[in-house]
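The questions below set values against them.

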Amino acid sequence: MLVFKYVIGVVMKKIIFTIFLSLLVLSSCSKKEDKELKISTNPWIGYAPLFYAKEMGYLNKLNISLIHNISLSESTKLYSMGKVDMIAATQHEYFSLLKIGEDIVPISLLDRSDGGDIVLSNRSLNELKSADKIFAYLEIDSINIDIIKDFIKHHKLDMNKIEFINADQVQIADLQINKNKNMLLVTYVPYNYTLEKSGFIQLASTKNLNSIVVVDGILINKKVLQDNKEKLLKFKQIIDKSITEITKNKQASYKLVKKYLDNMPYNEYIESFELIKWENIPSKEILDKLKDINYESKYLLK
Amino acid sequence: MIKKLSIKSFTIISMFLVFISSGYLFYQSFLDTKNNTRILLEENIQFNILNTKYYLEKNLNIKNPNRIKPYLNNIVYTNDIIKAMTILDTKNNIIYQTTLSDDFKHDHTNCISISHIIDSNIFKQNCYTFSIKLFNKLEPYYYHGIIELDSNYLNIFVKNKIIKYFSFFLIYIITIMITLWFIINKVIIHPLEKLRQYAYYSTKIPRPFFINEIEGIRYSLEFTFKRLKKEQDELFHLSTRDPLSGLYNRLSLIERINWLISKGKRSKNNFAVLFLDLDNFKNINDSYGHNFGDIVLQHISEVLLNVVRDNDIVARLGGDEFVVVLTDVKNDKEILSVLKRIKIELSLPVTYEQYTYNASCSIGISLYPKDGITVTDLLKNSDIAMYKAKDLGKNNFQFFEETLQLEIQERMKIQTLMIDGLENHYFELYYQPKVDIKTNKIVACEALIRLIDPKTGIIPPDKFITIAEENNFIIPLGDWIIKQATNQLRIWNNTQFKDIKLSINISIVQLNNNAELFETIKHNIKGIDISKLDIELTESVLIKDFDEKLKIIHKLKELGLSISLDDFGTGYSSLSYLKTIPFDTIKIDKSFIDDFENNQDRSFINMIVAIANELNIEVIAEGVENKKQLKFLKDIQCQQYQGYLCSKPLPINKFEKLFLNQL
């Protein structure tokens with residue numbers, strides 16, 4: 001009987017131990033997982049490294065997801081709604097978000113537009129100068145506004161003759177030449193190719209608009225930066241790695257990223273790289289220019 | 001030391017742990033649901049604000065704000081969690097507010113930007129702000145929107161969730177606990193309790209159990225108990241039965257007789273105890289071996305079982321001793337009937353291989369309650385009666401009588417006295433003169449052993465010699481006699497008594513142990529005149545193993561001793577003895593002398609003396625008590641006599657005095 005009781009006692013102890021172990025395992029299961037970070041992008045050749053990293057699975061490994069919008073304006077809206085943690089945007093979006101109180105900082109530069117932002121028209125520059133009325137199509141809440149301002153100022157056009165029409169790039173890309181209208185379009189790669197095929201002619205671009213610098217970077221909330229410093233450092237390394245790989249093998253990268261760029265032809269894809277300069281490792285020149293426009297550079301990751 | 005914990009306590013602890021773990025899981029599940037709900041609500045708000053912002057940035061016209069009203073109203077009215085929306089201009093003036101309630105007070109100082117919605121607690125945050133970017137040509141300016149959440153709705157929503165989860169948890173945990181308790185009780189506690197009872201009482205075997213381990217214990221217990229029962233039965237059988245015969249053993253017999261005594265006290269029933277002892281069984285073992293002895297014992301067992309009734313008891317006490325208890329005996333006839341059957345059945349020969357044996361037994365009978373009211377008395381008395389039956393000639397039976405008891409007591413007393421006698425000098429040699437008939441002078445004497453009880457005086461030899469022979473005490477006693485007698489001769493040497501010849505009697509038991517006897521005599525005769533020592537043997541000692549006896553007689557003769565034939569004429573009186581054995585003296589038995597006046601006896605005495613004279617053997621007449629007898633003996637030329645006419649046996653000092661007086 002003593003042996004019988006001993007056996008029962010041992011079995012009970014084991015069961016109690018198992019239950020405690022189960023509770024321990026259960027409690028460990030509830031540990032919070034690594035937070036997913038979302039980055040909002042839109043079709044722009046300068047964001048190709050992000051598309052490439054996504055397709056290569058580099059972003060998945062860091063638990064970073066990519067949301068693809070049609071325009072910077074929509075990306076900005078998503079950010080302001082709190083739907084994304086980061087956006088790939090120009091300095092225009094950066095300043096706009098600062099203005100409405102967002103605590104946002106750039107952590108990495110991607111590229112500088114070197115002809116990638118373009119002013120198109122169905123008229124020549126002189127015809128426009130002499131025109132009574134000009135219909136300017138642009139994405140008002142974007143870098144387009146800075147480009148057209150610079151264009152107007154540079155070519156001394158009469159602001160009062162111009163009617164500004166706010167449209168996103170998809171709408172602009174759909175525009176057809178109206179012979180009765182003096183049309184002025186501000187667009188960027190890859191939307192320009194469609195428009196140029198429709199007969200619009202290029203009047204200016206960031207290549208020859210020397211008074212303005214258009215720079216793209218990764219913008220992020222400062223708190224998110226503090227909470228995910230390690231991950232973002234790796235993210236920066238991925239950006240650098242992706243740029244290197246894209247530069248080395250454009251053809252391979254094209255297959256992966258073309259769907260993010262409205263399936264632009266390969267030759268346009270190649271040409272597009274001529275219209276930007278990679279600034280992931282920023283040059284002194286660009287840093288000086290950014291300083292001039294109060295673009296924060298102290299949070300840029302290295 | 002193992003800390004004991006009942007299964008019920010264990011179950012309660014387990015259920016408590018299940019309660020805690022389930023509560024924890026439910027709480028986690030609730031938090032998860034709440035979080036998912038939060039995300040859905042946040043996404044709902046984000047979605048509505050995103051659309052509103054997009055709509056307003058495209059359609060808000062300062063000059064005609066009414067365009068936005070239906071849109072904003074639709075959003076608020078179709079969304080339960082949005083209580084109101086307010087649009088403020090650059091100077092925080094209200095452009096439009098969706099609610100017209102007077103008690104609605106807007107305080108947007110506690111509102112946070114919609115971009116921080118993920119970090120906020122939607123269930124506690126009442127409002128969020130969002131910017132509306134408008135352009136005057138190319139110059140941006142900002143309006144603000146405020147979205148008010150219906151905190152009441154959210155609170156009720158959360159409360160409902162809590163109540164729902166808590167209710168579900170309670171139902172779940174109560175169901176689980178009741179089910180768990182029922183199952184544990186049914187498949188563990190109840191079976192273990194049954195096993196405990198089974199292990200404690202080992203009576204009713206539980207039916208097979210559902211749990212494999214418990215069933216394993218039940219099966220092991222059942223197997224063990226069955227084995228123990230079997231071993232117990234075997235041990236009981238071994239403890240109550242005689243292994244050779246299968247009959248009851250002594251222990252069992254005592255138990256059963258005690259039961260009969262108890263029964264007899266109530267019902268006045270009588271019973272008889274028959275104590276059987278096989279006659280000469282030792283000879284069977286010695287002659288035919290123990291195997292045959294065992295066969296005989298088994299045969300006897302079967303015979304006894306066959307002759308008694310089913311309710312009678314047959315037991316073997318050991319060796320060749322059996323006891324039969326005849327229950328409910330009405331009269332002696334019934335006993336005699338059984339005795340007769342036993343005798344008849346036992347008379348049939350037992351045959352084994354080449355051996356055949358005709359068994360007989362002596363039976364002593366004691367009756368309850370007449371001869372004893374205890375087992376001990378009944379067995380003892382039947383044993384006494386059995387010995388009496390043996391004394392009466394074996395193959396016989398004897399009912400116990402009170403006189404037998406006295407005999408036994410006397411016998412026991414003498415036995416005890418004898419054992420102590422050698423050390424305490426209770427034994428003494430008496431000397432009876434042998435007188436030369438011609439000279440009427442004492443020429444010899446016979447040393448006769450006497451046992452003197454310090455309380456009652458002299459005990460005659462016929463009372464203790466037989467007992468001494470039966471228990472072999474005669475050997476040390478005989479040695480003592482030889483030593484005393486030879487010492488006496490040694491003392492007499494070179495004295496006036498130096499010519500006296502001294503006779504000692506040698507028992508059949510001593511003679512059977514001839515080697516030791518020879519050595520004893522040889523050892524003790526040193527330093528004495530050996531011609532003065534005479535050994536008296538009766539005829540009876542010579543009957544068995546004659547050749548062996550003759551050898552020792554010759555050896556004694558070679559030492560120089562003389563040999564007398566005692567009590568001649570009472571036994572076989574074979575003349576061949578006189579021819580074969582070198583006797584020096586014949587002692588005519590007293591019975592002839594007593595009846596010497598009878599012609600026949602006179603003739604016998606004459607004849608004996610004549611033959612002895614012819615054979616040159618000395619003749620001594622025993623038991624001579626008067627002068628007529630002496631005259632007759634003198635007439636027929638008998639050489640010596642012994643008897644009361646001269647003297648009865650005397651202590652040494654008196655004998656010596658008598659001897660000296662006749663000089």
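**Terms and their grounds**

In this predicted model, helix α2(A) is followed by Gly57(A), which has a positive phi, near 85 degrees.

Q: What makes helix α2 (residues 48-56) of chain A largely enclosed by the rest of the structure?
A: A residue counts as buried if 20 or more other C-beta atoms lie within 10 Å of its own. Seven of the nine residues of α2(A) are buried, so the helix is largely enclosed. The buried residues are Ala48(A), Pro49(A), Leu50(A), Phe51(A), Tyr52(A), Ala53(A) and Lys54(A).

Q: Why are α9(B) and α10(B) called roughly perpendicular to each other?
A: The axes of α9 (residues 375-391) and α10 (residues 402-424) of chain B cross at roughly 85 degrees and come within 10 Å. Angles of 65 to 115 degrees count as roughly perpendicular, and the term therefore applies to α9(B) and α10(B). By class, their contact has four nonpolar, two polar and one charged residues.

Q: Which residues of α9(B) and α10(B) meet?
A: Asn381(B), Ile384(B), Ala385(B) and Lys388(B) in α9(B) meet Leu404(B), Gln405(B) and Ile408(B) in α10(B).

Q: What makes β2 and β3 of chain B edge strands?
A: The chain B sheet is open, with five strands in the order β2-β1-β5-β4-β3 and mixed pairing. Strands β2 (94-97) and β3 (112-113) each pair on one side only.

Q: How do you know that β3(B) pairs with β4(B)?
A: Pairing needs at least two bridges. Two bridges join β3(B) to β4(B) (residues 127-136), and these strands run parallel. Ser113(B) has Thr129(B) in β4(B) as its bridge partner.

Note on methods. Residues are numbered from 1 along each chain as its sequence is written. Chains are lettered from A and ligands numbered from 1 in the order in which they are written. This is a predicted model: local features need pLDDT of at least 70, side-chain atom pairs count only at pLDDT 80 or more; totals for chains, interfaces and linings use all residues. A residue is buried if 20 or more other C-beta atoms lie within 10 Å of its own, exposed if 12 or fewer, and partly exposed in between; C-beta atoms are placed from the backbone. Helices (H or I, at least four residues) and strands (E, at least two) are DSSP runs, numbered from the N terminus. Axes are lines fitted to C-alpha atoms, for helices over the stretch in contact, and angles run from 0 to 180 degrees between N-to-C directions. Angles under 35 degrees count as roughly parallel, over 145 as roughly antiparallel, 65 to 115 as roughly perpendicular and the rest as oblique. Two residues are in contact if their C-beta atoms, placed from the backbone, lie within 7 Å. Ala, Val, Leu, Ile, Met, Phe, Trp, Tyr, Cys and Pro count as nonpolar, Asp, Glu, Lys and Arg as charged, and the others, Gly among them, as polar.
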